[in-house]
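Grab a pencil and have a go at these exercises. Each one comes with a worked solution.

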Amino acid sequence: MKVLIAGGGTGGHVIPALAIARELRDSHSAEVRFVGTARGLETKLVPEAGFPLELVRSGQLKNVSLAIRARTMLDLPLGVLHCIRLLRTFRPQVVVGVGGYASGPAIISAVLLRVPTLAYEPNAVPGLANRLVGRYVSSAAVNFAETAQYFCNAVVTGVPVREEIFAVKDKALGSEPRLLITAGSNGAKIFNETLPGIAARLLQRVPGLTIVHQTGERALAATKEAYSDAGVDPERVAVKAFLTDMPEQYAAADLVLARAGSTVAELAAAGKPSLLVPLPTAADDHQRKNAELVVAGGAAEMLLQVDATPEVLLERLAGLLTDRERLQAMSVAARAMGKPGALRRIGEMVAKLGGTPPVARA
């Protein structure tokens, strides 16, 4: 089986796409290629993972100037023609769209050539590329049941999350409380600027509390300096650019302060209560809609960024961290929202579309 995976841009697109590619290669003996654009993270991560990458011209249509939209509209037919040539050369049995700039041209090309297609969508509301092609794809793998309405033949598979995160155990009763602050590779400006100013009071109000704060590389030095200037006990706060040991970090955390992108799937897998502050500039406000569904499930509380003043954030964090019964209930609700086996299900969907027999598993 040959599979073309199209899309990318951010880590939220590229990292699950690579997980799907490895599953198809390792479990279904598939030959996998990627198609992306020169502006996305795929240019670095895909070659590093050992997969061929083809670049096409495509760009943004939302939240950009008229000139950029015009250039994107001119690039779109060129991208479609490029993808048609690629499909005729590579001859894949299935094209998988993961969202992002290159996803639209590749899916359109596959539909025109009658190649089976699968759309992958982790968010409550699909991005523009997946919304445009949703009614034309052969099938779709989604994270939320509410998202199925945007696609043909959608299946709620969940998001590919490492098995080590599903294996995170509940914290032992009586252990010291821990707040984990994380916001992806770039960090979150509001967390980096606000938490140092309230940390001393938060540590005072929550006995024994320790904090792990992931800032992103660019904000690391400034955030460390802000904590130091505020006189925060360095023994109780660890400030890091990146966190490479997420299963261990989740295992130690009682509460996670986070954005509401693809992180919500990991929080569910780990069974972690969270206070979610959606990124207000996220496309189509999809982070707020993700957060609303997690809140409705009882696994999180949401605080809009416009309301996240230092005093409000302090009260919300202190209130949660000192309410053990509430945290326990949120943890149970989070685990109930987890979807183990998502990667296997997505791989099987692609294999079925490609006409390959099911894989026997132990």
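Predicted model: local features only at pLDDT ≥ 70, side-chain atom pairs only at ≥ 80, totals over all residues.

Residues are numbered from 1 along each chain as its sequence is written, and side-chain values use heavy atoms, leaving out hydrogens and water.

**Exercise 1.** Work out how helix α7 and helix α12 cross.

Step 1: take the axes, which are lines fitted to C-alpha atoms over the stretch in contact, with angles from 0 to 180 degrees between N-to-C directions. For α7 (residues 189-205) and α12 (residues 310-321), they come within 10 Å and cross at roughly 35°.

Step 2: list who touches whom, counting heavy atoms within 4.5 Å as contact. Among the α7 residues that meet α12 are Leu195, Ile198 and Leu202, and the α12 side includes Leu314 and Leu317.

**Exercise 2.** Is Asn192 buried or exposed, and what does its side chain hold on to?

Step 1: Asn192 is found in α7. Its relative accessibility is 8%, so it counts as buried (under 20% relative accessible area; exposed is over 50% and partly exposed in between, with a 1.4 Å probe and protein chains only).

Step 2: look for partners. The Asn192 side chain makes a polar contact with the side chain of His213 at 2.8 Å (N or O atoms within 3.5 Å, one able to donate a hydrogen and the other to accept it; residues adjacent in sequence count only if both atoms are side-chain atoms). A polar atom of that Asn192 side chain also sits 3.1 Å from the backbone oxygen of Thr215.

**Exercise 3.** Which residues of α13 are buried?

Step 1: they are Leu327, Met330, Ser331, Ala333 and Ala334.

Step 2: these buried residues pack against elements including β11 (255-258), α10 (263-270) and α12.

Methods: Helix = DSSP H or I, 4+ residues; strand = E, 2+ residues; numbered from the N terminus.
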